[in-house]
Amino acid sequence: MDDIYGIRRANLLALIDEIKARKPAAREQDVASELDLGASHYSQIKSGKAIGDDVARKIETAMGLE
């Protein structure tokens with residue numbers, strides 16, 4: 001079973017897919033902006049950096065999730 005970081009990563013990748021499905025022309029910086037993340041931080045997370053509590057909450061707030 002995945003730990004919390006693996007679950008967060010899977011959820012983030014699903015959100016990214018959802019954003020790109022809604023906005024096919026979205027660039028990486030557009031996706032980062034929609035998630036309320038800086039482009040560099042977004043890139044680090046996509047490359048494997050763990051998603052901590054603060055960043056998880058920030059993404060949830062930006063996407064209107066609980």
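Analyst: A residue is called buried under 20% relative accessible area, exposed over 50%, and partly exposed in between (1.4 Å probe, protein chains only). The model is predicted, so local features need pLDDT of at least 70 and side-chain atom pairs count only at pLDDT 80 or more, while totals for chains, interfaces and linings use all residues. Residues are numbered from 1 along each chain as its sequence is written, and side-chain values use heavy atoms, with hydrogens and water left out.

User: Which residues touch the most other members of the largest nonpolar core?

Analyst: They are Leu-12, Val-31, Leu-35, Leu-37, Tyr-42 and Ile-59, in a core of 16 residues. Helix H1 (4-22), helix H2 (28-34), helix H3 (39-46) and helix H4 (53-63) each give two or more residues to this core. A core here is a set of buried Ala, Val, Leu, Ile, Met, Phe, Trp, Tyr and Cys residues joined through side-chain atoms within 4.5 Å. Helices (H or I, at least four residues) and strands (E, at least two) are DSSP runs, numbered from the N terminus.

User: What is Leu-12 in contact with, leaving aside neighbours within four places in sequence?

Analyst: Leu-12 is in contact (heavy atoms within 4.5 Å) with Leu-35, Ile-45, Ile-51 and Ile-59.

User: Now H4. Which of its residues are buried?

Analyst: Val-55, Ala-56, Ile-59 and Met-63 are the buried residues of H4. Viewed down the helix axis, they fall within an arc of 105°, so they line one face of H4. The arc is taken over the directions from the helix axis to the C-beta atoms. As background, an α-helix has 3.6 residues a turn, so residues three or four places apart point the same way.

User: What do those buried residues pack against, and which residues are exposed on the other side?

Analyst: The buried residues of H4 pack against H1, H2 and H3. On the other side of H4, Asp-54 and Thr-61 are exposed. After H4 comes Gly-64, with a positive phi near 70°.

User: Changing topic: how many salt bridges does the structure hold?

Analyst: It holds seven salt bridges, each being a side-chain nitrogen of Lys or Arg within 4 Å of a carboxyl oxygen of Asp or Glu. One of them joins Asp-53 to Arg-8, with the closest N and O atoms 2.6 Å apart. Asp-53 belongs to helix H4 and Arg-8 to helix H1, so this pair ties together parts that are 45 residues apart in sequence.

User: What is the partner of Lys-46?

Analyst: Lys-46 forms a salt bridge with Glu-28, at 3.1 Å between the closest N and O atoms. Lys-46 lies in helix H3 and Glu-28 in helix H2, so parts 18 residues apart in sequence are tied together. Both count as partly exposed, Lys-46 at 36% and Glu-28 at 34%. Through shared partners, salt bridges join Lys-20, Glu-28 and Lys-46 into one network.

User: Where is Asp-36 found, and what is its phi?

Analyst: Asp-36 is in the loop between H2 and H3. Its phi is near 65°, a positive value in a residue other than glycine. Asp-36 is partly exposed, at 42% relative accessibility.

User: Finally, what separates the C-alpha atoms of Gly-6 and Ala-50?

Analyst: Their C-alpha atoms are 8.4 Å apart, although the two residues are 44 residues apart along the chain. Gly-6 lies in helix H1 and is partly exposed, at 21% relative accessibility.
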